[in-house]
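Dear colleague,

I am handing over the structure below, together with some notes on what was found in it. Please read the notes with the coordinates open beside you.

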Amino acid sequence: MNIIHTVGALRAWRKTAGTTAFVPTMGNLHEGHLALVREAKKRADKVVVSIFVNRLQFGQGEDFDRYPRTLHQDAEKLAGEGVAALFAPDERALYPNVEQRYNIEPPHLQNELCGKFRPGHFRGVATVVAKLFNIVQPDFACFGKKDYQQLAIIKGLVEDLDFPVEIVPVDTGRAADGLALSSRNQYLNAAERAEAPRLYRELQTIAAALRGGDLAYAELEAAAVRKLQQAGWVADYVEIRRAGTLDTAHAGDKQLVVLAAARLGNTRLIDNIEVSLD
């Protein structure tokens with residue numbers, strides 16, 4: 001596996017790589033990331049994975065400085081999966097002007113759901129993904145559905161700015177008890193880890209109610225928030241939206257997604273579940 005640290009070296013490698021599938025990450029890789037890699041391998045001759053902890057998508061007081069950085073272990077995992085190239089730039093390589101002067105500004109969706117609680121986050125995500133797409137020039141790019149709002153914004157970015165890349169959504173990886181895999185799960189202590197699957201169970205409860213014909217969205221959302229709070233969580237939101245676009249859901253919509261974000265102790269967890277009413 002090639003380990004590449006500069007934009008010029010990555011572009012030189014890319015010229016001879018054939019069809020390429022790309023998996024952008026912030027490292028500290030777990031089984032969910034590796035599932036993205038395995039999906040990418042089905043799509044192209046070569047797979048490129050990036051590891052870059054993007055300062056632009058972290059807000060004030062968030063965990064940029066303590067976000068786990070495990071490049072050596074990550075490289076071993078990627079080599080074991082047959083990844084062709086690991087792009088691991090430092091900040092100066094990706095942001096040579098220190099402060100990014102031009103940024104990608106997503107539409108109103110960036111200020112809803114997670115964006116309401118993390119102002120500027122999706123601007124940072126869209127900007128770094130646009131830069132990485134321009135550098136790697138992949139034919140395919142794989143993103144996990146766990147970050148459902150991120151996925152929707154990146155799909156819009158590709159469509160509106162005409163990036164010649166096919167976005168491949170990949171189902172959320174989960175632990176045996178249902179907890180969505182995340183690098184931030186390691187912040188949980190033992191008691192919090194035992195409690196954490198409740199978030200997914202509440203989403204499953206809403207999904208079952210929707211499939212059973214209960215379309216009282218606001219009541220279902222409020223009940224889930226109440227149950228989380230009673231169990232010691234601080235809920236940012238539980239919302240039912242249209243799948244794919246994340247537009248406001250209305251009675252009669254057949255493809256829905258239930259999304260939630262909540263804090264357990266000092267750790268913010270997100271999850272979602274798609275619901276088809278066809």
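Asp162 lies in the loop between α7 and β6 (166–170), where helices (H or I, at least four residues) and strands (E, at least two) are DSSP runs numbered from the N terminus. This residue has a positive phi of about 60° although it is not a glycine, and with a relative accessible area of 63% Asp162 is exposed (exposed means over 50% relative accessible area, buried under 20% and partly exposed in between, with a 1.4 Å probe and protein chains only). Gln137, in the loop between α6 and β5, likewise is not a glycine and has a positive phi, of about 50°.

As to provenance, this is a predicted model, in which local features need pLDDT of at least 70 and side-chain atom pairs count only at pLDDT 80 or more, while totals for chains, interfaces and linings use all residues. Residues are numbered from 1 along each chain as its sequence is written, and side-chain values use heavy atoms, with hydrogens and water left out.

Another loop residue is Lys146, placed between β5 (140–144) and α7 (148–161), and Lys146 counts as buried at 16% relative accessibility. Apart from neighbours within four places in sequence, Lys146 is in contact (heavy atoms within 4.5 Å) with Thr172, Ala180, Leu181, Ser182, Ile270 and Asn272.

Turning to the helices, the axes of α1 (residues 7–14) and α6 (residues 121–136) come within 9 Å and cross at roughly 50°; axes here are lines fitted to C-alpha atoms, for helices over the stretch in contact, and angles run from 0 to 180 degrees between N-to-C directions. The two helices are therefore oblique to each other, given that angles under 35 degrees count as roughly parallel, over 145 as roughly antiparallel, 65 to 115 as roughly perpendicular and the rest as oblique. Val7, Leu10, Arg11 and Arg14 of α1 make the contact with Asn134, Ile135 and Val136 of α6.
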